[in-house]
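Colleague: Could you take a close look at one part of this model for me? I'd like to hear how it sits against its surroundings.

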Amino acid sequence: GDEAKYWGERMLDEGQVHILATDSHGVKRRPPLLAEGCAAAERWVGVEQARHLVHTRPAAILENLAPSFMPPLPLKGSGKRKGRGLWRRIFG
């Protein structure tokens, strides 16, 4: 929904998102659309960071690698649509 989208985009903008995944409620009722999420992330943070969100960091979790072995998170405020929205206009 709109509220979840707002908070997801805001957390991406603030550099708080480490991975992008799906909780996969079911293939019929609420299918896992990770490819669509990855495409949206590419538009928001760029292709390289989206790849880290969907592939690099989740694979590292499965391999039990320390976070220090992962690429750094994007800098805060690096989102593609920085500056849009009422919240950003009011609070920066």
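Predicted model: local features only at pLDDT ≥ 70, side-chain atom pairs only at ≥ 80, totals over all residues.

Modeller: Helix H1 (2–13) and helix H3 (47–62) are among what covers the buried residues of helix H2, with helices taken as DSSP runs (H or I, at least four residues) numbered from the N terminus. Those buried residues (under 20% relative accessible area, 1.4 Å probe, protein chains only) are Cys38, Ala41, Trp44 and Val45. They sit on the same side of H2 because they cover an arc of only 120° around the axis, going by the directions from the helix axis to the C-beta atoms.

Residues are numbered from 1 along each chain as its sequence is written, and side-chain values use heavy atoms, leaving out hydrogens and water.

Now for the packing. H2 and H3 meet at an angle of about 140°, their axes 7 Å apart; the axes are lines fitted to C-alpha atoms over the stretch in contact, and angles run from 0 to 180 degrees between N-to-C directions. On the H2 side, the contact (heavy atoms within 4.5 Å) is made by Leu34, Cys38, Ala41, Glu42 and Val45; H3 brings Val47, Gln49, Ala50, Leu53 and Val54. After H2 comes glycine 46, with a positive phi near 100°.

Definitions and conventions
Buried < 20%, exposed > 50% of the residue type's maximum accessible area, 1.4 Å probe, protein only. Helix = DSSP H or I, 4+ residues; strand = E, 2+ residues; numbered from the N terminus.
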